[in-house]
Amino acid sequence: MYTKQEKIFSHLRQMVPFLAGLLIFSVHFTCTVEARPQTVSSNGNNASNARFGAHEYAYVSSWPIVDRKLGSVSAVALDGDGNVVIFHRGSHVWQLSSFDTENRYQEATGGPIAQPTVLKFNRNTGELLQQWGENLFYMPHGLTVDHEQNYWLTDVALHQVFKFDLNHSTTEPVLTLGTRFEPGNDAYHYCKPTAVAVLKSGEFFVADGYCNGRIVKYSAEGIPLLSWGRNSFVLTRSFTLPSGQPVPASFFAIPHALALVPDRDLLCVADREQGRVQCFHTRNGTFHSQYSSPEIGSRLFSVKYISSDGGLLYTINGPQFVLNPVPVAGHIIELASGNVIGRFQPNNPKHAFSNPHELAVTDDGSEVYVAELNPQMVHKFRRISPARLTGSTTTTVKPATSVTRNEAH
């Protein structure tokens, strides 16, 4: 009897991240009754906080031009030409039955996704420029385009990380890490890896991932250099914390996305189920600082960095499984002060965030793109400069709020 109960509990623990998807609609509906930001009519004499006015965004509808039904859009990135690239799951859906209790993918016999999974769009017109990635992937997750225009993609079903040089091939990666369909936690195995970040030196980091809760650093050739982190997701961790004590730094409840802060030599990690961003020194992985906020809530899916205005973190949260959930929205955090100085979300209920998964930001912060699992789409936002706030334009503003910022050098 004990063995049977143990197996059932193990199954439930492994499925917890995916049960979240079943509650998306109900949580989103609850979010719609939350208090809304202050709305003002701007007539060129805007009384809103001037600092916040530089980080105010308008939703761009009818972008991109899509001639097909997308699958769940798991990732979005910008290439070196400023084009927008998305990674989507086509006809494949991450369900409760997709993985067994050992995190092995159960639907491999159905074959890879037949549709092109990587789509590149013109940032301005929304026109489709390129498509590839058919018959390669089973459950897309992360996408990074590095400074040399290499594409790095992660597949949680394959438990692998791929590097593609499109000048070489769109079907044969130049580097493959992990063992096909085999989860694990050693130097040659991942367990549902989520994201990649690449330094100018060619060294790179892999977030691994849903099971292992670790970050692994590699040489440019793919040789492991160091790793850190431990899984702290409450239902799957193998240790206990003293009652009421916060989860320590360098523990991850799904390290879900990565962002480099090159001017400070930091790597920042979206610690998804702990609603925080943790930042580490890229040289040796030691902890530097972390950011969290009641406004962001208990879940934080992605983080990106731009150097404008002294350094800004762009984040996106997700559905909150609490009695009084905060709205699903993007938040902009000032790196130096830890203040939340901006927020972006669709202003049309028809396009409201439900389950955003990843985001991308232009280097100057003028545009933000958000990938959404369900509904399957990519959102676009354009910054409204203070100089354009004239006439009777209606804008959404919110005072700056503080985040918890803990730092150690």
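**Reading the sheets**

Analyst: Four strands make up an open sheet with antiparallel pairing, in the order β2-β27-β26-β25. Strands are DSSP runs (E, at least two residues), as helices are (H or I, at least four), numbered from the N terminus; two strands pair if DSSP finds at least two bridges between them. The edge strands, β2 (57–60) and β25 (356–361), each pair on one side only. This is a predicted model, in which local features need pLDDT of at least 70, side-chain atom pairs count only at pLDDT 80 or more, and totals for chains, interfaces and linings use all residues. Residues are numbered from 1 along each chain as its sequence is written, and side-chain values use heavy atoms, leaving out hydrogens and water.

User: How many bridges join β2 to β27?

Analyst: Four bridges join β2 to β27 (residues 377–383), and the two run antiparallel. Within this pairing, V60 stands opposite K380 in β27.

User: Why is one side of β3 and of β6 left without a neighbour in the sheet?

Analyst: The open sheet here has the order β3-β4-β5-β6, with antiparallel pairing. β3 (73–78) and β6 (128–132) stand at its edges with a single partner strand each, so one side of each has no neighbour in the sheet. Five bridges join β3 to the antiparallel strand β4 (residues 84–88), and A77 stands opposite V85 in β4.

User: What does the secondary structure of the whole protein come to, and what share of its residues is buried?

Analyst: The protein has three helices and 30 strands. Buried means under 20% relative accessible area, with a 1.4 Å probe and protein chains only; 55% of the 409 residues count as buried.

Conventions:
Buried means under 20% relative accessible area, exposed over 50%, partly exposed in between (1.4 Å probe, protein chains only).
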